[in-house]
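Have the sequence and the model at hand.

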Amino acid sequence: MNGLSTSITGRAMNKGLLSVEAINIRDFSHDKHQSVDDYPYGGGAGMVMQAAPVVESYEYICQKTKKKPRCIYLSPQGKTFHQRMAEEFSKEEDLVFLCGHYEGVDERALEMIVTDEVSIGDYVLTGGELPAMVMIDAISRLLPGVLNNEESAVTESFGLDGLLEYPQYSRPEDFRGRKVPEVLMSGHHANIAKWRKEQAIFRTKEKRPDLYEKYLLNNRTKT
Ligand code: ADE
């Protein structure tokens with residue numbers, strides 16, 4: 001899981017707040033070539049990951065953790081990953097990510113061990129590793145101590161009433177003729193907060209009308 005050893009997830013691992021271990025399903029192969037896939041019954045293109053190495057890998061994890069952790073199968077057929085799922089998964093002590101490769105995984109293995117099937121979007125990738133890393137990143141940053149105060153103080157998109165983040169500016173005041181909005185320099189905290197909320201609403205309406213509709217529904221009674 002190389003991609004996770006840098007930046008914030010890397011720091012979290014060094015601090016012992018998070019640990020990620022890759023299990024090689026090939027280590028649970030039943031033959032001398034370490035193969036874990038075979039032709040599909042009924043014919044057709046591609047190979048299928050066999051049930052035994054997949055289930056045995058999971059059983060090995062269960063033995064090690066003395067638990068039956070939730071097992072997330074990454075697949076374009078799963079429920080689309082979103083922030084609320086990340087929040088739910090962040091409450092689990094252990095998680096298993098089953099990354100398919102070839103054409104698919106023997107259905108019996110999926111029936112036996114998978115608790116959640118998750119997609120990271122409507123496109124097909126070559127394997128589940130990148131989606132697993134995307135999920136691990138989103139989940140890790142919700143764990144206590146992973147973000148420092150400054151990082152977590154940032155008002156997040158989807159955090160505040162399900163709205164997108166308002167625009168941010170830093171020095172200089174004038175960049176190639178583009179000026180920082182006046183209100184941000186006023187020092188008037190109530191006006192700044194009002195402006196940011198308006199911007200967040202405006203942006204959400206423009207960029208994500210789907211989220212804006214939800215926001216309107218949720219706030220109908222309040223406005
Ligand atoms: N495996 C291949 N494509 C995928 C996707 N979009 N999401 C999750 N897992 C996948």
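Ile72 stands opposite Asp116 in β6. This is a predicted model. Ile72 also has a bridge partner in β4, namely Phe97. In β4, too, Leu98 stands opposite Tyr73.

These residue pairs belong to strand pairings. Strands of a sheet pair through backbone hydrogen bonds, either parallel or antiparallel. Here β3, residues 70-80, pairs with β4 in the parallel sense, over five bridges. The pairing of β3 with β6 is likewise parallel and has five bridges.

| Strand pair | Sense | Bridges |
|---|---|---|
| β3 and β4 | parallel | five bridges |
| β3 and β6 | parallel | five bridges |

What is the strand order in the sheet? The order is β4-β3-β6, in an open sheet of three strands with parallel pairing. Why is one side of β4 and of β6 left without a neighbour in the sheet? β4 (95-99) and β6 (116-119) stand at the edges and have a single partner strand each, so one side of each lacks a neighbour in the sheet. On average, neighbouring strands of this sheet are turned by 45 degrees against each other, direction ignored.

Now the helices. Helix α3 covers residues 83-89. Together with β3 and β4, helix α3 makes a β-α-β unit, and this unit is right-handed. Helix α5 covers residues 129-140. Which strands does helix α5 lie across? Helix α5 lies across β3, β4 and β6. Against β4, helix α5 runs at about 155 degrees.

Conventions. Residues numbered from 1 in each chain as written. Predicted model: local features only at pLDDT ≥ 70, side-chain atom pairs only at ≥ 80, totals over all residues. Heavy atoms only, no water. Pairing = 2+ DSSP bridges. Helix = DSSP H or I, 4+ residues; strand = E, 2+ residues; numbered from the N terminus. Axes fitted to C-alpha atoms, helices over the stretch in contact; angles between N-to-C directions. Contact = heavy atoms within 4.5 Å. Right-handed = clockwise from strand over helix to strand, strands pointing away.
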